[in-house]
Amino acid sequence: MSAGPNTSGALRHVLGHLLTPLLMCVGMGLAYLGAFHAPEPHDLRVDIVGSGPTTQVLAQTLQDKGAGALDVRTVADRDAAVSALREQRSFGAYVPGTKPELLVASGSSDTSAMAVEKVFTKVAAGQGAPLEVTDVAPTASGDPTGQGVFFLLVALSIGAYASVAVIGGAGAVLPMRIRALLAAGMSLVVSLIGTLFAGPVFHLVDQGLGGVWAMSWLYAAGILAVGVGLHTFLRRWTTLGVMVLFVMLNFTSSGGIYRPELQPGFFGALHAFWNGAGFVEGVRGHVYFDGHGLGGNVLVLALWFLAGVTLVVLAGVTESRRKQASAGQGRAPGMPATTTEAVEEDADVRARAAAEAEAEEEMEEAVAV
């Protein structure tokens, strides 16, 4: 029995929509495996505490053996080493002696601290002494691995870009100003949920919860604004576009699992200006490092939000022009006013029906994701 025209059309429709999950599979594989499959340090800043020939020889030996993995420097005393760690200019400081000590700041990155500890455990063993590790910026008791902030980022991101799918899809027939208000409202709700998770529920942070909420809101609002604005131009491809921006490139470059010193250069470069990195590093600086570097990270989040607002404004202008052009095409010269109104009303009904059908398809794709 041969397939009828309806079956053939449905098959083509399904095959066309299968392109999106295939692209997501390829994109997620390239992003996550490319960023995380083989973390190796490069230019990882560590300090040797002390002065004199012995200290210089140890520093140069580590630099040479590291072959680019380490950036070894010397500092005069322990206070200078602690200061460098507290300002996130260094990721470890080795104090040689009969009782060698390693200073780390796990609040900056637990995986970087572990990489540094691995190096200097071998150094201390070569000197025949056990290594004492001192954490000068430990994480909160509810976040022993230091990766809770990253998973908070994941929760905020999913809440924000899932809201984009609903507002852009189901709400496509609404005026842009209404969609913008819905996005603003959802960013507030998502940020409050994230703050509850970070504080009272899981105790990921033990201070500065108000600042965590502010950055959560700014981060979620940026994603929602960008997504709602892009929907006008990308339509059913918005879900894929938002996934690329705020999952594939965002999670992998955020520094939540591995900082850029342990990743390939591409993701390290993104870390300098991507919004997920701005959120993760901003929360770390606010909670664990007395606000050091906070201004730059908040600026990154603010610039992403402003980019989203700009997209929303452009999308509103574009939709207004499209509507005017559509109304102009449906109006013939000399047509009576009543007939013109009927044509415009019919065109509006057909446009709404098409938008609703497209929204249903987009929602199905979003739910599948």
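Predicted model: local features only at pLDDT ≥ 70, side-chain atom pairs only at ≥ 80, totals over all residues.
Let us begin with Phe36, which counts as buried because its relative accessibility is 18%, where buried means under 20% relative accessible area, exposed over 50% and partly exposed in between, with a 1.4 Å probe and protein chains only. Residues are numbered from 1 along each chain as its sequence is written, and side-chain values use heavy atoms, with hydrogens and water left out.

A pair of aromatic rings is described by the distance of the centres and the angle of the planes. Rings of Phe, Tyr and Trp (its six-membered ring) pair if their centres lie within 6.5 Å; planes under 30 degrees apart count as stacked, over 60 as edge-to-face and the rest as tilted. The structure holds 12 aromatic pairs. In one of them, Phe36 and Tyr258 are tilted, at 6.0 Å centre to centre and 55 degrees between the planes. This pair links distant parts of the chain, 222 residues apart: Phe36 is in helix H1 (residues 5-36), and Tyr258 is in the loop between helix H8 (238-253) and helix H9 (265-271). Helices here are DSSP runs (H or I, at least four residues), numbered from the N terminus.

Next, Trp274 and Trp304 form an edge-to-face pair, with 5.0 Å between centres and 65 degrees between planes. Trp274 is buried, at a relative accessible area of 9%, and Trp304 is buried too, at 14%.

Phe246 brings us to helix H8. Which residues of H8 does H5 meet? Among them are Val242, Phe246 and Phe251, and the H5 side includes Phe150, Leu153 and Tyr161; contact means heavy atoms within 4.5 Å. The contact divides into 10 nonpolar residues, 3 polar and no charged. Here Ala, Val, Leu, Ile, Met, Phe, Trp, Tyr, Cys and Pro count as nonpolar, Asp, Glu, Lys and Arg as charged, and the others, Gly among them, as polar.

Finally, consider Asn297 in helix H11. Is this residue buried or exposed? Asn297 counts as buried, because its relative accessibility is 16%. Leaving aside neighbours within four places in sequence, Asn297 is in contact with Ala277, Gly278, Glu281 and Gly282.

Definitions and conventions
Helix = DSSP H or I, 4+ residues; strand = E, 2+ residues; numbered from the N terminus.
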